[in-house]
Amino acid sequence: MNEKFLQIAVDIAVENVLTGRGGPYGAVIVKDNNPIAFSGNRVTNDLDPTAHAEIMAIRQACRQLNDFQLNGCILYINCEPCPMCLGAIYWARLDKVYFACDRQVAAEANFDDCFIYDEIEITPSERSIPMLHLDLPDARKPFQIWVDKADKVLY
């Protein structure tokens with residue numbers, strides 16, 4: 001069964017490239033052996049750098065299940081996730097991920113995310129896009145309000 005769903009992700013990626021919809025990535029999310037979300041990469045089509053196949057499928061599955069967490073779901077993707085998608089996978093609380101190609105295969109096709117993995121380890125102010133901390137007197141206020149809020153939805 002896993003091979004079947006993974007093949008669907010590969011087929012979506014192939015179709016995505018052949019039709020000009022986006023990059024060579026496809027994703028399928030399955031719950032209880034039923035596919036609930038499908039997407040290809042939509043970055044160039046949607047003019048959205050976050051519109052990776054995994055992100056689009058996660059958004060679709062969350063709407064389908066009316067939940068912001070995907071407990072009990074499995075993600076099938078044709079390639080190992082990039083750092084952004086990896087973060088989204090953890091935030092979505094997916095149970096498992098199957099992938100067909102590793103990040104080296106993506107790098108050979110000029111989809112190299114190594115620099116992002118490397119940037120994560122660098123002090124924010126030293127990154128290639130400097131991330132500079134400014135200390136504001138009430139910067140912690142949103143977090144304190146959140147901590148004190150009795151009716152919050154934890155995530």
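Just after helix H4 (83-92), Arg-93 takes a positive phi of about 65°. Helices here are DSSP runs of H or I with at least four residues, strands are runs of E with at least two, and both are numbered from the N terminus. The model is a predicted one, in which local features need pLDDT of at least 70 and side-chain atom pairs count only at pLDDT 80 or more, while totals for chains, interfaces and linings use all residues. Residues are numbered from 1 along each chain as its sequence is written, and side-chain values use heavy atoms, with hydrogens and water left out.

Next comes the largest nonpolar core, where a core is a set of buried Ala, Val, Leu, Ile, Met, Phe, Trp, Tyr and Cys residues joined through side-chain atoms within 4.5 Å. It has 23 residues, and the ones touching the most other members are Ile-29, Ile-58, Leu-70, Leu-75 and Leu-94. At least two core residues come from each of strand S1 (26-31), strand S2 (34-40), helix H3 (53-65), strand S3 (73-79) and helix H4. A second, separate core of 7 residues has Phe-5, Ala-9, Val-30 and Tyr-76 among its members.

S1 and S2 pair in the antiparallel sense over 6 bridges, pairing being called when DSSP finds at least two bridges between two strands. Gly-26 stands opposite Gly-40 in S2. The two strands make a hairpin with 2 residues between them, and Asp-32 in the turn has a positive phi of about 55°.

Asn-41 sits in the loop between S2 and helix H2 (43-46). Is Asn-41 buried or exposed? Asn-41 is buried, at a relative accessible area of 7%. Leaving aside neighbours within four places in sequence, Asn-41 is in contact (heavy atoms within 4.5 Å) with Asn-16, Arg-21, Gly-22, Gly-23, Tyr-25, Ala-51, His-52 and Ala-53. A polar atom of the Asn-41 side chain lies 3.3 Å from the backbone nitrogen of Gly-23, and the backbone nitrogen of Val-43 lies 3.1 Å from a polar atom of that side chain.

Note on methods
Buried < 20%, exposed > 50% of the residue type's maximum accessible area, 1.4 Å probe, protein only. Polar contact = N/O pair within 3.5 Å; in protein donor to acceptor, adjacent residues only side chain to side chain.
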